[in-house]
Amino acid sequence: MNGPLIVQSDKTLLLEVDHELADACRRAIAPFAELERAPEHIHTYRVTPLGLWNARAAGHDAEQVVDALVEFSRYPVPHALLVDIAETMDRYGRLTLSKHPAHGLVLTTTDRPVLEEVLRSKRIAPLVGARIDRDTVAVHPSERGQIKQTLLKLGWPAEDLAGYVDGEAHPIELAEDGWALRPYQKQAVENFWHGGSGVVVLPCGAGKTLVGAGSMAQAKATTLILVTNTVSARQWKHELVKRTSLTEDEVGEYSGTRKEIRPVTIATYQVLTTKRKGVYPHLELFDSRDWGLIVYDEVHLLPAPVFKFTADLQARRRLGLTATLVREDGRESDVFSLIGPKRFDAPWKEIEAQGYIAPADCVEVRVNLTDSERLAYATAETEEKYRYCATTETKRKVTEAIVRRFAGQQILVIGQYIDQLDELGEHLNAPVIKGETSNAQREKLFDAFREGEISVLVVSKVANFSIDLPEATVAIQVSGTFGSRQEEAQRLGRVLRPKADGHQAHFYSVVARDTIDQDFAAHRQRFLAEQGYAYRIVDADELLAGNAGKGDNADDTDSADS
Amino acid sequence: MSTETAPRSLAEALRARDDASLSALLRSRPDLITPVPTDLTQLATRAGTRASVVRALERLDRFALQTAEALAMASDPATYDELLGLMAGDDADPAVTAAFPRALGTLREQALVWGPDDRLRLVRTARELLAPSAQHPSATGLGPTVAEATAGMSPGRIQEIVAAAGLPTTHDSVSAVAALGGLFTDRTRMAALLDDAPVESLDVLSRLVWGPPYGQVTAEPARHLRWLIDRGLLLPTAPGTVVLPREVALHLRAGHAHRATEPVAPPIEHAPARTHRPQVVDSAAAGQAYTALATIEELLKDWHEGGPAVLRAGGLSVRDLKRTAVALDVAEPVAAFWVELAYAAGLLASDGEADERYAATPAYDEWLELPAAERWVRLASAWLAATRTAGLVGGRDAKDRTLSALGPGLDRSAAPEVRLRVLTFLATLPEGASPAEDSVLARLHWERPLRGPQDATDDLRSRLARWALSEAELLGISGRGALSSQGRALLGFPSASDRDAGSVGPGDKLPVHKRHHPLPEGPHSPAEQAAAAARAARLLAPLLPEPLDHVLLQADLTAVAPGPLERPLADTLGVLADVESKGGATVYRFTPGSVRRALDAGRSASDLHAFLAAHSRTPVPQPLAYLIDDVARRHGHLRIGAASAYVRCDDDALLNEILVDKRSAGLRLRRLAPTVLAAQADPATLLEGLRSMGFAPAAESAEGDVLITRAHAHRTPPRSAPEPVPDGPPVPDATLLGAAIRAVRAGDLASTTPRKPAPATDRPGNGDLPRTSSAETLATMQAAVLTGESLWIGYVNAEGSASQRVIAPIRVEGGFVTAYDHTADEVRTYPLHRVTGVSELADDQP
């Protein structure tokens, strides 16, 4: 009765990290509980129906779940909660989707009333065909994804046993010369392959691309990779050619500029979701080859239309890669039903502790606005308020001061508003990468940055994702997409790539005090704080005062002080 | 009770009983001594009253009741063997034979049966209640005896039957009936007789044998029915109806009075799979007990500053219950249970103010001071004794009104008894075993078969039992469905280890005979209860988590209390942070709002830092310290107060002068800024005051302009000019005139019509109301309805003013008369009780 786990009545599990049994407990509860927060002392897991069904899908049963809770719990576990867990888990698998030799795809049940209940639903009716017998009903093969999605919403998730098509075979091997998959990457590939389809959650910089490559090497089949943008597509291609037996010619890019279809094709979300005259002209890509594996990079950003296409691709293996399952639009359940359950995840801090990602020092710099700025802020229109306070002159000066402080290191300045970035670029004498910057130009600048020819780069939100800049050690965030938590995670990820010299990374957020900027920052930081990346909060004055010795101009400090 | 001194009446039988047996009687039938009877004759009389007998019968268990029912079917008086035969049947069922003495003993103890073994008598009232009649067929399904059924039959017909049955004719009906009865009770001869019966006849008999024994026949019965009727196997009771005589039925039933005799109580079943280790049960129950305490505290904290309003009819509105359920994060029925529990324990009541609300009682504050285990004992004891049943909340009463929590109509007197019974069942199981609910209900039904319908499982007692099981679990009296040792102690049962452990192993059925019951029964004395409560508290105390004096602070601005906190710590933290998650631990989140709340409550930032540093096991994270400072920096930056007037002046010195002047004290001036004073006096008083001090102040408008004090002309609000008053009333129009004339004529008719003199009373003077007795009024009215005549009535309206009316009654029913009222010229309805009297109009009416 002195376990590390406390089971709360709201179905959260509190795990005391410093307890000697904490590791064993974590392993026992990880299959069914989502890690929600991982600050320094007590980690919070949440037991959700989705999580329990994830566990069922992975072959755990209710008894194991209950045992894990009872064994490690410090206090008696509320009986009602145990009953609820058993009942929730029992709902999974009452319905199964499978292949019938004569009728094709069928939905069968082990519990007839459940089938009756779901068939009565208006949303299910159009998705199913003839009733074959009392426990079986035919499903249109094209509705395999749709029906899974709908059944999940009805609370009766179907187990998909209909299997996968192998797709067109294509030899792919990992070229492990001088490097090897890290243990957790291997584990992720294994879990994914064993489960058939699903999502792998790894922190930014932990090598998600390699998990993709490893999975492709397992599948040995033609692969379609969906990524967020062209730059990231190029990086995937670069990585694949370098890390696998694939050659330059075998990997195609399907983007706004190039439309190559090769055994391994990398397409951007943007090109897929381009609509012309009410239709998606590039949908044919999905049918253009007999794909054996589809990889979704940054699943948490998957645009809504892609969900729709994905619903039609249920017979293909699907691998989702992401740093966080948090979706600002709350469509986590669609990811579960259409891509698949979570197959692997590892907390950021754990991977950091293993040395695969750089440790980071997160600092929020609170800037006092000048009196005139405060007045202007107070009178700004509501919709303009954030833009105004995020782009104030004072913030720019503080940003410049921080850049000066880290002179000599590779610095990224990240922001939301182009005007602000242009201005910063001008003052810092640094190139700016924004939406209108051509891809060629972007790559040129990124290369220059990697090589160290440029030490400061000002980037807009185009650089939020999948840009590999391993040498960046300092990131300064000046403005963002309001309170987006996953954007914050992505941006932090930019500096978490392990450094050649084991350098500590710095992540600065410059925030205007007593404004909406501060509220948004608090919201954005919550995710990272819960991942164990606690922010220090520093007054700009103190920071600048600390800098004073380095010969900073004191005027800035004075004007910021009020 | 020997045969030589056989008592001749119940009173004598009672007189012969010893004190112990009398006290047993009075304990089981306490209604007999309220008030205490003067002598045993009175006691016997009282024991024979219908209400008391019904009460006693309702409290019998199934087998004792069946025995009583069988005795009602037996001859009066009956012998021991006859009764046993009816119960055990011809094959002398050993289980019945074994249980029979106990059942008879129970009946004797309860004074429902008296007399020695060879002359057993059922109390007459009980016999009347249990014997069959046309309205109440016996529960045994047996019909009348041959003698009863042939009572009105012609002697000739009886002789025919006797002859047809193959018996010699006799010279009188009585001996014939006796011979017939003798044949029917003789198994061998009966069997021979029935051997000759047509197959269809046997079929008819088998349909009637288990009751109801009555059947319909046509005037010309079919041949196989004829065969039965001829031999008296079916006897006519009324035209078209026949009955199967009791003797015949008993023969066909092989002597059994009951189709299914249930000599033993159904066992409380428990599957080994549902048996947990006693430690698991105890700790689960303790966990739940802790939750119960926390929930009650949370509930009353939630209602701390003015709970929900009391409905006019009493109780909590559905919306308030919903809100409470959300606040407690439980389902509504469970929320209702907690609310009712707090109420039953006296921790919560309505405040009795004009705007009535629910609030915690002073007893709650005392309760809070108790150690946790004792707090729980208070709750659990209150629950055990409460007749209020939370399970009813949300249902509807007989008048289809919704039953609300804390409202009226929730008392069910059977609730405490059922609770105790159910928990006793739990106590008889091996430690850690939880019962199957169905078997609990079946057992309960066996013990009180007359309460509630025969087959329904939804009757009140079953529902009470189910609620008792779930509520015991909620309260932590049971854990994982099994009785916890603290619950056992609270109920005053010996702990399981004290009992003979050898008799029950896991999976065993429970021993069913009451005399094998190892458990005490009946109410305990207050002293015993207090001792039991103390023992329960002692057992529970070590199982409850120890309050902690520290929390873990984390950089994501949360604090985790990994267990219950000491009260002062919990209180302060509750102000300083918002509770995010509850259960064994509590997760608090610090927000700017919550920190501000703490500052509002009078804490300073340094207090808060010191508080956190003192109670945190880990260093206070930097973001948290920063948050507190940041909020404190802004806290109170803006100050708000009320002033009713102000003085402003560009000259600081002048204001100084005013402030130091003693005469200004009454104006209660306060300096807000060098050039501004705030006053608590209104502007006019302030002006006057300053003027009297020799200053020359000027009043200022809201916009800051100086008000010109020129005298204003006083004006009313907008008013319309008065309407002209003409010399006389306006000329009426035709409709008005017509109506007026009709009214005048009708009034005239009422007052001038000559009336018949009222019999034997003074003729009412002109203007007096007619007076007749109410019976006479009614009769006259009813007659008038038939004849269509008009009547003259006196009528007193709701305000008490009397009038006379001429009406033509149309209908008299339900205490009202509906009539055409000549005076009002319309159809009206008058309550009869307001009609003082009635008199017919004279015939020579114009």
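1. In chain B, β14(B) pairs with strand β16 (residues 676-679) in the antiparallel sense, over 4 bridges. Two strands count as paired if DSSP finds at least two bridges between them. Strands (E, at least two residues) and helices (H or I, at least four) are DSSP runs, numbered from the N terminus. One such pair of residues is B:Y646 with its bridge partner B:A678 in β16(B).

2. The model is predicted: local features need pLDDT of at least 70, side-chain atom pairs count only at pLDDT 80 or more, and totals for chains, interfaces and linings use all residues. Residues are numbered from 1 along each chain as its sequence is written, with chains lettered from A and ligands numbered from 1 in the order in which they are written.

3. The pair in point 1 belongs to an open sheet of 3 strands in chain B, ordered β14-β16-β15, with antiparallel pairing. At the edges are β14 (645-648) and β15 (669-673) of chain B, each of which pairs on one side only. From one strand to the next the twist averages 30°. Helix α30 (residues 652-660) of chain B packs on this sheet and touches β14, β15 and β16; its direction makes about 150° with that of β15(B). Angles run from 0 to 180 degrees between N-to-C directions, and axes are lines fitted to C-alpha atoms, for helices over the stretch in contact.

4. For chain B as a whole, the count is 33 helices and 21 strands. Of its 846 residues, 36% are buried. A residue is buried if 20 or more other C-beta atoms lie within 10 Å of its own, exposed if 12 or fewer, and partly exposed in between, with C-beta atoms placed from the backbone. Among contacts in chain B between residues at least 6 apart in sequence, 65% join residues at least 24 apart. Contact here means that the C-beta atoms of two residues, placed from the backbone, lie within 7 Å.

5. Helix α16 (residues 278-302) and helix α17 (residues 318-328) of chain B have axes that come within 10 Å and cross at roughly 125°. The two helices α16(B) and α17(B) are therefore oblique to each other: angles under 35 degrees count as roughly parallel, over 145 as roughly antiparallel, 65 to 115 as roughly perpendicular and the rest as oblique. Their crossing is right-handed, a term used if the near helix is turned clockwise from the far one by less than a right angle, with anticlockwise giving left-handed. From α16(B), B:T295, B:E298, B:L299 and B:D302 meet B:T324, B:A327 and B:L328 of α17(B). By class, this contact of α16(B) with α17(B) has 3 nonpolar, 2 polar and 2 charged residues. Ala, Val, Leu, Ile, Met, Phe, Trp, Tyr, Cys and Pro count as nonpolar, Asp, Glu, Lys and Arg as charged, and the others, Gly among them, as polar.

6. Between the chains, 26 residues of chain B are in contact with 26 residues of chain A. On the chain B side, the elements that give two or more residues are α16, β11 (558-561) and α29 (622-634). The largest share, 5 residues, comes from α16(B). By class, the side of chain B that touches chain A has 11 nonpolar, 10 polar and 5 charged residues.

7. Two backbone angles in chain A deserve a check. Most residues other than glycine have a negative phi. A:K11, in contrast, has a positive phi near 70°. A:K11 sits in the loop between β1 (5-7) and β2 (12-16) of chain A and is buried, with 20 other C-beta atoms within 10 Å. A:D514 also has a positive phi, about 60°, and is not a glycine. Its place is the loop between β22 (505-512) and α21 (516-530) of chain A, where A:D514 counts as partly exposed, with 16 C-beta neighbours inside 10 Å.

8. Strand β6 (residues 104-109) of chain A runs antiparallel to β8(A), joined by 3 bridges, and A:L107 has A:V137 as its bridge partner. Strand β7 (residues 128-133) of chain A also pairs with β8(A) in the antiparallel sense, over 3 bridges. In that pairing A:V128 stands opposite A:V139. β7(A) and β8(A) form a hairpin with 2 residues between them.
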